[in-house]
Amino acid sequence: MGFPDRIERVVEIAHPPAKVWAALTTAEGLASWFGNEASIDLRPGGSAHMTFGGGHIADMRVERVEEPTVFGYTWHIYGLPDDDPRRTYVEFTLEPVGAGTRLTVVESGFAQLADDAHHKAYDGNTGGWASELAELVEYLDAA
Amino acid sequence: MPPDIETVAEQVFVALADPSRRAILAALASGGPATATDLAGQLPITRQGIAKHLALLAEAGLVTAEPGERRRVRYRLQSAPMQVAQQFLAALARDWDGPLDALRDHLSR
């Protein structure tokens, strides 16, 4: 049994890669199917954002731009605190198939865990028990 | 050796499977560190029940015991194990099927 680190989906779309590429990489395209509104600075290291219903905002960092075949970005892991630095990587790959496109989306990095978070939990636990035992000793000494 | 990710996740989900423990964790998350007596005053759980659940939660590393006022032991929520489980949930909750259907519909219009 493993942590799901990666999610992959493949869809066949009856439109050429250029059209799919525009839908994935322009503010107008993203706002028409993904978010309610979007902005994007389409270059590696550029930032992009989308807003969704319910006030949720996705801040993205563009990582790969190879028109019209690969578009990749990282974004915050949904559900973690806003200041948590861990991010997942999303990569869209476009392959021409006949007159259409095979679009693959892979999101990876769900199973990452910063070592410090892990050690903090472990050390915190040890420290907690140490202070509890110290209290017990004090209590017994006083009795 | 720190416990591995699977062990941490299992402990979190075992802890969360019990409504009394969920109530205790929720009380610590919303109100901050508290003693077993504080928790017994806030929740419909007996003092003994609270103590039993806190022992299990401490064993799993989900709460830590620390010295409080008048030499009472206070329990503090440890968020790091929750984050491990949360990442598991993030993968399960991520919906690509909905957006990809929307993309296909959008391009077909």
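Two strands are taken as paired if DSSP finds at least two bridges between them, and helices (H or I, at least four residues) and strands (E, at least two) are DSSP runs numbered from the N terminus. The model is predicted, with local features requiring pLDDT of at least 70 and side-chain atom pairs pLDDT 80 or more, while totals for chains, interfaces and linings use all residues. Residues are numbered from 1 along each chain as its sequence is written, and chains are lettered from A and ligands numbered from 1 in the order in which they are written.

**The sheet of chain A**

In chain A, 7 strands form an open sheet in the order 1-7-6-5-4-3-2, with antiparallel pairing. Its edges are strand 1 (6-13) and strand 2 (37-40) of chain A, each of which pairs on one side only. On average, neighbouring strands of this sheet are turned by 20 degrees against each other, direction ignored; axes here are lines fitted to C-alpha atoms, for helices over the stretch in contact, and angles run from 0 to 180 degrees between N-to-C directions.

| Strands of chain A | Bridges | Facing residues |
|---|---|---|
| strand 3 and strand 4 | 5 bridges | A:S47 and A:R61 |
| strand 5 and strand 6 | 7 bridges | A:Y73 and A:V90 |
| strand 6 and strand 7 | 9 bridges | A:L94 and A:L103 |

The hairpin of strand 6 and strand 7 of chain A has 2 residues between the strands, and A:G98 adopts a positive phi near 60 degrees there.

**Around the sheet**

Helix 6 (residues 97-108) of chain B lies across strand 1 and strand 7 of chain A, at about 20 degrees to strand 1 of chain A. A:P16 is placed in the loop between strand 1 and helix 1 of chain A. Contact means that the C-beta atoms of two residues, placed from the backbone, lie within 7 Å. Leaving aside residues up to four places away in sequence, A:P16 touches A:P96, A:A99, A:G100 and A:T101. A:P16 counts as partly exposed because it has 16 C-beta neighbours inside 10 Å; a residue is buried with 20 or more other C-beta atoms within 10 Å of its own, exposed with 12 or fewer, and partly exposed in between. A:P16 and A:D5 are 11 residues apart in sequence and 30 Å apart in space, C-alpha to C-alpha.

**The helices of chain B**

The buried residues in helix 1 of chain B are B:V8, B:A9, B:Q11, B:V12 and B:A15. Seen down the axis of helix 1 of chain B, the buried residues fall within an arc of 165 degrees, so they line one face of the helix; the arc is that of the directions from the helix axis to the C-beta atoms. Their cover includes helix 2 (19-31), helix 4 (47-59) and helix 5 (79-93) of chain B.

The axes of helix 1 and helix 5 of chain B come within 8 Å and cross at roughly 95 degrees. Helix 1 of chain B is therefore roughly perpendicular to helix 5 of chain B, a class that covers 65 to 115 degrees, whereas angles under 35 count as roughly parallel, over 145 as roughly antiparallel and the rest as oblique. In this contact, residues of helix 1 including B:I5 and B:F13 meet residues of helix 5 including B:P81 and B:F88.

For helix 2 and helix 4 of chain B, the axes come within 10 Å and cross at roughly 80 degrees. Here B:S20, B:R21 and B:I24 of helix 2 make the contact with B:G49, B:I50, B:H53, B:L54 and B:L57 of helix 4.
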